[in-house]
Structures are given as C-alpha cells and as structure tokens.
Amino acid sequence: MNENGISREKLFHLLNNIKGTDTKYEKVLSSMCTYPHEVALKAHIQFIESNMGDPGLFTGTCELEQKVIQMLGELLHCSTASGYITTGGTESNIQAVRSMRNARRDVKDPNVIVPVSAHFSFDKVADISGIEIRKAQLDPTLKVYLPLVEELIDENTIGLVGIAGTTEFGQIDPIRQLSDIAIKKGLFLHVDAAFGGFVIPFLQRSYSSHAFDFDFELKGVTSITIDPHKMGLSTIPSGGLLFREREYLDNLRVHTPYLTISSQYSLTGTRSGAAVASTYAVMKHLGRSGYREIVQGCMNITTEFVSRARMAGFEPVIEPVMNIVSLIVPEPQRVRELLREEFGWHVSIARNPKSLRIVIMPHVTHENMELFLQDLVVVVDNMGSMEDVEM
Ligand SMILES: Cc1ncc(COP(=O)(O)O)c(C=O)c1O
C-alpha cells in the first residue's frame with residue numbers, strides 16, 4: 001500500500017480496466033455460475049454490511065434467512081427443514097459430512113461412500129477431516145452403480161452421498177434406491193444437488209416417472225446441498241445446506257463466547273447477509289413459474305444444440321438430463337484450446353469418458369450456440385486437415 005491514496009476517478013478507472021480483462025459470460029460454456037438476476041444484485045447491495053456471523057445484531061437478516069431456508073425446504077419437499085446459507089456447494093458438502101461424523105462419534109475410523117463422479121469438494125472433506133472417502137464406480141449411464149455402493153459399506157461406514165446433477169455430465173444418481181439402502185443400513189444420506197437443486201424441480205417430466213426423485217420426499221435423505229448462486233441466479237457466495245432434522249444442524253454447533261449468540265453452526269464465522277437477501281429476492285421475485293421458464297429456456301437450447309451437434313457428427317456421451325452436455329470429439333483438450341485461442345469460447349473437459357463439457361446457463365442464447373457449433377466444426381475440420389498434412 002502506498003503512503004497516500006489515489007483519487008476516486010483514478011481508482012475506478014483502474015478497476016474498470018482490470019474488470020475489462022475478465023471474461024464476459026457470453027462466451028463462457030464452462031461455468032455453473034452466470035449473471036445474477038437484477039433483483040438479486042439490488043438486494044445484495046442493500047444488505048452488503050450485514051453479518052450473519054453475529055445474528056443478534058442483524059435480527060432482520062436472520063429472520064430473512066429462516067424464510068429462505070423455508071422456501072428452499074418447500075422446494076425440496078420438507079418445509080420444516082433446518083439449515084443455513086453457506087458460501088457454496090463446497091462448504092455445504094464439508095458441513096454435511098461433518099454433521100454425519102459428529103452424529104457417529106462411536107465409529108473410530110469412519111468412512112463415507114460417494115460416487116466416483118462426486119465433485120472434488122469431497123476430496124477436500126477427506127483432507128480436512130481425515131474421514132475416508134470411498135469412491136464407487138458408475139454404471140454405463142454414468143449413475144453410481146448400486147451393487148458397488150453396497151459392496152463398499154462396512155461396519156465403519158457412517159454415510160452415503162448421491163449426486164443430483166453431476167458436475168461433469170449433469171447425471172442424477174438413483175437417489176430413491178440409495179435412500180432405501182440408507183434406511184436399511186441405518187446410514188446418513190447426503191444428496192449433493194448443488195447444481196440440480198434449482199433445475200430438477202423445474203424439468204418437464206411425466207408424473208409417473210420417479211427417475212428424477214432426489215429430495216426429502218425420499219425418507220432416507222438426511223441432508224441436501226443446493227446452490228442459489230448456480231441455477232438459482234443469486235449472487236456469489238450463496239450456497240444452501242438443509243437437514244431434514246434440526247438435530248443434524250445442531251451437531252455442527254460450537255460455543256461462541258463473545259458474540260451476541262452463544263453458539264454457531266456455520267463453517268465460516270463472519271458470513272454474508274447479502275447472500276441471504278439476494279437469494280430471498282430472486283426466489284420471491286421469480287417464483288416457481290419464473291424458474292420453470294428459465295430452466296425450460298436452457299433445456300430448449302440444450303435439446304436443439306444436441307440435435308444440431310448430432311447432424312454435424314458429434315454425439316453426446318449421455319442423452320442430456322439437464323442443461324449440461326458432454327460431446328465426444330477427437331482430442332478434447334486440443335479442441336478446447338483451439339476454441340479459446342481462435343474464437344474466444346470457454347469450454348471445459350469431462351474426465352471419464354474424456355469429452356468436451358458444455359454448460360448451457362441462462363446467459364447462453366440459441367444464436368450463440370449456433371455460432372459455437374459452427375466454430376467447433378471449423379476447429380475439428382482444421383485439426384483433421386492438419387493431420388492429413390502431417391501424414
Ligand atoms: C455437484 C457439485 N457440488 C458441489 C460443487 C461446489 O460448489 P462451489 O463451487 O459453490 O463450492 C459443485 C460446483 O461445481 C458441483 O457441481
């Protein structure tokens with residue numbers, strides 16, 4: 001820091017220049033975040049100084065958080081769920097496993113079984129907590145393979161994890177069957193719906209289909225991660241962690257001697273009330289019909305894109321379940337680099353099978369996907385002709 005400050009004009013000129021070097025979302029097909037809804041942004045600024053880490057001082061925001069948890073609970077079929085607004089899916093997953101562990105202090109070397117498709121936040125869980133995270137392989141449709149989950153369970157297993165909307169393929173694990181296993185074996189079942197939580201309830205599906213059941217409607221589900229800062233269109237950092245029973249939230253409490261309250265269950269101390277307000281604002285403003293429209297918009301673009309990609313000779317790894325597509329292309333890493341270098345597109349790579357991962361968030365338009373496909377065809381064709389020259 002310099003001895004003397006700079007003027008506001010200079011400062012914001014500087015910041016503007018720096019922001020100009022960040023990527024705009026329009027050409028981003030790799031992120032699960034997007035522009036927040038305008039009401040979320042406004043509410044965020046309105047509540048910018050409120051600190052949920054000291055709720056005795058911010059009683060209004062604290063009440064608002066309870067309302068958000070109730071709305072999220074209703075969305076997930078449990079209006080009495082307990083929980084709090086976290087910083088995102090990582091914190092929610094860490095805390096869910098911490099709650100399991102605290103409920104089962106009787107187990108000396110606990111393990112938790114997650115699908116191999118689980119987000120890397122579970123590797124952080126293992127690192128922080130020392131709990132063994134056992135990874136179950138998937139079936140050919142990239143859902144966790146249930147016989148392998150059952151095989152991994154032993155007397156030290158304290159919980160299972162299912163993913164409702166995997167990060168790489170958007171697949172939904174068979175949560176109904178995992179719930180049955182959890183009940184049968186007396187295990188905790190955490191569902192990571194960080195992405196899918198604001199998608200699955202708004203997908204069009206036939207009412208007879210239980211394939212997408214994932215929430216507290218299933219009696220074995222103990223806790224759920226759901227991220228408002230992904231498809232919920234809230235501001236970053238807005239995550240959600242919900243427990244069916246209050247006691248699982250209470251498992252996380254530590255004594256807080258010098259605050260306006262005597263205990264705290266969150267992982268972070270100081271915590272953004274702005275995230276609470278922005279999530280409240282966008283959920284109240286959009287309502288279910290608003291989210292349905294947004295999700296259906298993304299799904300229409302996804303379906304259209306996949307059919308056009310097929311016509312161009314690219315198959316998806318699985319038929320998309322939600323607004324995530326992984327395309328089979330030759331040399332995905334090279335294709336990714338060329339798409340960025342030559343056309344400015346940002347896509348990512350799904351690991352297994354290695355493929356081009358594309359997330360169709362609300363900032364993505366039909367026109368942009370059409371352009372993207374044209375650019376993808378050019379890149380892959382050029383790679384083919386380069387190979388011809390090299391041979
Ligand atoms: C399924 C899933 N869980 C957890 C996370 C982690 O969320 P965050 O980055 O908000 O911590 C992600 C992020 O992509 C995710 O896709």
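**Entry 1: overall form**

I am working from a predicted model. I first checked the protein against the globule rule: with 391 residues, a compact globule would have a radius of gyration near 21 Å, and the 22 Å that I find for the protein agrees with this. Along the principal axes, the C-alpha trace spans about 70 × 65 × 45 Å. I then looked up the secondary structure and noted 11 helices and 12 strands. Among contacts between residues at least 6 apart in sequence, 71% join residues at least 24 apart.

**Entry 2: surface and burial**

I noted an accessible surface of about 18,600 Å² for the protein, with 53% of that area belonging to carbon and sulfur atoms. Turning to residues, I found that buried ones make up 53% of the 391.

**Entry 3: the largest nonpolar core**

I next looked for the largest nonpolar core, which has 65 residues, and wrote down those with the most contacts inside it: Leu 72, Leu 160, Ile 175, Val 191, Phe 195 and Phe 198. The elements that give two or more residues to this core include helix H3 (59-75), helix H7 (175-185), strand S5 (188-193) and helix H9 (273-311). The largest share, 12 residues, comes from H9. As background I keep in mind that nonpolar side chains tend to be buried together in soluble globular proteins.

**Entry 4: helix H4**

I then turned to helix H4, which covers residues 89-103. At 1.5 Å a residue, its 15 residues should span 21 Å, and I find its end C-alpha atoms 21 Å apart, which agrees. Because 12 of these 15 residues are buried, I describe H4 as largely enclosed by the rest of the structure. The buried residues of H4 include Gly 89, Glu 91, Gln 95, Arg 98 and Asn 102, and Asn 93 is also among them.

**Entry 5: Asn 93**

Is Asn 93 buried or exposed? Its relative accessibility is 1%, and since buried means under 20%, I count Asn 93 as buried. Which side chain does the side chain of Asn 93 join in a polar contact? I found that of Asp 192, at 3.0 Å. Leaving out residues up to four places away in sequence, I listed what Asn 93 touches as Ser 121, Phe 122, Val 125, His 190, Asp 192 and Thr 225.

Technical notes
Residues numbered from 1 in each chain as written. Predicted model: local features only at pLDDT ≥ 70, side-chain atom pairs only at ≥ 80, totals over all residues. Heavy atoms only, no water. Helix = DSSP H or I, 4+ residues; strand = E, 2+ residues; numbered from the N terminus. Buried < 20%, exposed > 50% of the residue type's maximum accessible area, 1.4 Å probe, protein only. Polar contact = N/O pair within 3.5 Å; in protein donor to acceptor, adjacent residues only side chain to side chain. Contact = heavy atoms within 4.5 Å. Expected span 1.5 Å × (residues − 1). Rg over C-alpha atoms; globule rule 2.2 N^0.38 Å. Areas by Shrake-Rupley, 256 points an atom, 1.4 Å probe, with all protein chains shown as cover. Core = buried A, V, L, I, M, F, W, Y, C linked by side-chain atoms within 4.5 Å.
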